[in-house]
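Me: I am new to this structure and would like to go through it step by step. Could we begin with the metal sites and then move on to the sheets and helices?
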Amino acid sequence: MRAAVLFAPNEKLKVVEVGLEKPGPGEVMVRLAATGICASDWHTLTGAIPSPTPSVLGHEGAGVVESVGESVRSVAPGDHVVLSWIPSCGHCRYCESGRPNLCSVAAPALLAGTLVSGARRLSYRGEPLYHYSYLSTFAEAVVVDEACCVPIRKDVALSVAALVGCAVTTGYGAVVNRAQAEPGSTVLVFGSGGVGLSAVMAARVSGARYVVAVDPVAFKRELALEVGATHVADPVAEDVAALVAGLTEGDGADVAIESAGRSELVAEAFRLTRRGGTIVCVGIPAADATVSLPGPALVRHEKIVTGSLYGSCRARQDMPRILDLYAEGRLPLDRLVTRTYGLEEINEAFDDMVAGRLARGVIAFA
Ligand SMILES: [Zn+2]
Ligand SMILES: [Zn+2]
């Protein structure tokens, strides 16, 4: 099968024929329909996030189960699945307390480059390749842990379902699971890429009164308005603080989501949030980034500043639910896809992403 291989950091991806072993015990082979490209892949590609090479990147995908290994019970050949990049163990303190995204088995080894067992099923010219985020979706097929497979309804397009594997769940969950935005609230979202736009949609479906999307790119602001933002602002040319103050009688937003991965925006989000409000950090900043907040206000205003990994999701419950909302027309997830590419065009897709030309780019497998 064909896959886009990263042979060394900061090189272009090369589309080559690779080997894929049959699934071992507890593993599943999935033929992919589509994979989204994400900023996390880019940071790995450039070496900013260290991950072993040669490898097959990609962690946002959906497809059809082709075959299953011994002891696999939750999926069968023919099932449609979204791939989750956190194969939660189900038994650790985090899994058992309803926070499987923080699984103490899967989360720490995310970038080790293997499946949970330590196995590698990918190879190039007989030499093993590393996996990425337990998935490696820049390939026509994957072998993954059973816990990565989230069965979904068959009547939604797999190209849309693929986005639920990362961007959508991350943005939606930040608003619904982590901030628990209430009807009538004001939600401020920094960044209108795939994650930020998903947060905008989630805020609207949660009954927010005002949803303010902030992004310097004009077409992303327009898209934000089309998918549910009530107001948009260009942070370079406009006064975001005045806009939020005007909407909230000077109080500030109830919830702020930082999806751009810029740590200086966390302080900005803190400043524009009301007393007792919630600031959720979703975008991952540079490895050495620190966040600076005003000490007295941190105490006096009782604001909650929190991160959210993978939308704080319980994948097997949240992903099918998100797709139900899409099928009902309440989350216009298909609007996230700016352009679809063939696997051979993957480097062009990354160029477009870095240049700010995409909400989300998707690789479709023929
Ligand atoms: Zn991602
Ligand atoms: Zn666990």
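Me: How are the donor residues of the zinc ion (ligand 2) spaced in sequence?
Reply: The model is a predicted one. In it, the donor residues of that zinc ion follow the spacing C-x2-C-x2-C-x7-C.

Me: Which atoms coordinate the zinc ion (ligand 2)?
Reply: The SG atoms of Cys 89, Cys 92, Cys 95 and Cys 103 coordinate the zinc ion (ligand 2), at 2.3 to 2.4 Å.

Me: Which parts does the pair Cys 89 and Cys 103 tie together?
Reply: Cys 89 sits in the loop between strand 7 (80-83) and helix 2 (93-96), while Cys 103 sits in the loop between helix 2 and strand 8 (122-124). The pair therefore ties together parts that are 14 residues apart in sequence.

Me: Is Cys 89 buried or exposed, or something in between? And Cys 103?
Reply: Cys 89 is partly exposed, because its relative accessible area is 26%. Cys 103 is buried, with a relative accessible area of 0%.

Me: What is the geometry of the site of the zinc ion (ligand 2)?
Reply: The site is tetrahedral, with angles of 103 to 116 degrees among the four donor atoms. For reference, the ideal angle for four tetrahedral donors is 109.5 degrees.

Me: Now the zinc ion (ligand 1). Which residues coordinate it?
Reply: The zinc ion (ligand 1) is coordinated by Cys 38 (SG), His 59 (NE2) and Cys 166 (SG), at 2.0 to 2.2 Å. These donor residues are spaced C-x20-H-x106-C in sequence.

Me: Where do Cys 38 and His 59 lie?
Reply: Cys 38 is in the loop between strand 4 (27-37) and helix 1 (39-45), and His 59 is in the loop between strand 5 and strand 6 (61-68). The two are 21 residues apart, and the pair links distant parts of the chain.

Me: Why does Cys 38 count as buried? And His 59?
Reply: Cys 38 counts as buried because its relative accessibility is 7%. His 59 counts as buried because its relative accessibility is 3%. The cut-off for buried is under 20%.

Me: How many bridges pair strand 16 with strand 17?
Reply: Strand 16 (residues 273-281) and strand 17 pair over four bridges, in the parallel sense. Within this pairing, Thr 278 stands opposite Ile 304 in strand 17.

Me: What does Thr 230 touch?
Reply: Leaving out residues up to four places away in sequence, Thr 230 touches Arg 204, Arg 209, Tyr 210, Val 211 and Leu 225. Thr 230 and Val 211 are 19 residues apart in sequence, yet their C-alpha atoms are 5.2 Å apart in space. The side chain of Thr 230 also makes a polar contact with the side chain of His 231, at 2.8 Å. Thr 230 counts as partly exposed, because its relative accessibility is 25%.

Me: Another topic: which residues of helix 11 are buried?
Reply: In helix 11 (residues 346-354), the buried residues are Ile 346, Asn 347, Ala 349, Phe 350, Asp 352 and Met 353.

Me: What covers the buried residues of helix 11?
Reply: The cover includes strand 1, strand 4, helix 1, strand 18 (337-341) and strand 19 (360-364). Just after helix 11, Gly 356 takes a positive phi of about 80 degrees.

Me: Lastly, how do strand 4 and strand 6 pair?
Reply: Strand 4 and strand 6 are antiparallel and pair over seven bridges. One of the bridge partners is Val 65 in strand 6, which pairs with Val 30.

Note on methods:
Residues numbered from 1 in each chain as written. Chains lettered and ligands numbered in written order. Predicted model: local features only at pLDDT ≥ 70, side-chain atom pairs only at ≥ 80, totals over all residues. Heavy atoms only, no water. Buried < 20%, exposed > 50% of the residue type's maximum accessible area, 1.4 Å probe, protein only. Contact = heavy atoms within 4.5 Å. Polar contact = N/O pair within 3.5 Å; in protein donor to acceptor, adjacent residues only side chain to side chain. Donors = N, O, S within 2.8 Å, 3.2 Å for Na, K, Ca; no water. Tetrahedral: all angles 85-135°; square planar, octahedral: opposite > 155°, others 65-115°. Pairing = 2+ DSSP bridges.
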